[in-house]
Amino acid sequence: VQLQASGGGLVQAGGSLTLSCVASAPIFTAYDMGWFRQAPGKEREFVAVVTWFGKIRSYVDSVKGRFTVSRDYVKNTGSLQMNSLKPEDTAVYYCAAKDVTPSSEAPAYAGSEYGYWGQGTQVTVSS
């Protein structure tokens with residue numbers, strides 16, 4: 001699976017951005033799509049995931065109610081709608097994919113479980 005993320009930019013606090021991720025995957029490939037971020041000097045952090053089986057959505061507590069993750073299973077695309085952005089949301093955002101089988105319905109939160117990564121897109125929120 002190859003991934004390409006886009007949509008980052010500079011926005012004022014309280015504003016919105018939508019990140020997009022385009023995946024190139026062989027037909028019938030099942031994968032969870034996750035979003036992670038890494039701020040300068042900090043560890044990479046899980047942000048959100050939407051699973052293939054069960055279509056489960058899960059978020060880190062700090063973005064619940066502000067971010068919405070979605071995907072188009074036919075077009076192999078995903079998005080992360082980010083509202084009410086805060087300066088602490090500033091980071092490079094990555095989309096990632098994890099191969100799954102019907103027995104792996106639970107979302108994965110660790111970056112090490114994802115085998116495919118996009119190149120990252122910078123989100124900067126000014127105060």
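Visitor: How many helices and how many strands does the protein chain have?
Guide: This is a predicted model, in which local features need pLDDT of at least 70 and side-chain atom pairs count only at pLDDT 80 or more, while totals for chains, interfaces and linings use all residues. Residues are numbered from 1 along each chain as its sequence is written, and side-chain values use heavy atoms, with hydrogens and water left out. Helices (H or I, at least four residues) and strands (E, at least two) are DSSP runs, numbered from the N terminus. On that basis the protein chain has zero helices and eleven strands.

Visitor: Why does the protein chain count as being as compact as a globular protein of its length?
Guide: The radius of gyration is taken over C-alpha atoms, and the globule rule is 2.2 Å times the number of residues to the power 0.38. For 127 residues this rule gives 14 Å, and the protein chain counts as that compact because its own radius of gyration is close to that, at 14 Å.

Visitor: What share of the 127 residues is buried?
Guide: A residue is called buried under 20% relative accessible area, exposed over 50%, and partly exposed in between, using a 1.4 Å probe and protein chains only. By this division, the buried residues of the protein chain make up 43%.

Visitor: Is strand E5 largely enclosed or largely open, and how many of its residues are buried?
Guide: Strand E5 covers residues 45-50, and it is largely enclosed by the rest of the structure, because the buried ones among its six residues number five.

Visitor: Which strand pairs with E5 over five bridges, and which one is joined to E5 by three?
Guide: Two strands pair if DSSP finds at least two bridges between them. Strand E4, residues 31-38, pairs with E5 in the antiparallel sense over five bridges, and within this pairing Arg37 stands opposite Glu45. On three bridges, also antiparallel, E5 is joined to residues 57-59, which form strand E6.

Visitor: Which residue in the turn between E5 and E6 has a positive phi?
Guide: These two strands form a hairpin with six residues between them. The positive phi in that turn is about 90 degrees, and it belongs to Gly54.

Visitor: Which residues does Ser70 touch?
Guide: Ser70 lies in strand E7, residues 67-72, and counts as partly exposed at 24% relative accessibility. Contact means heavy atoms within 4.5 Å. Not counting residues up to four places away in sequence, Ser70 touches Val50, Arg57, Gly78 and Ser79.
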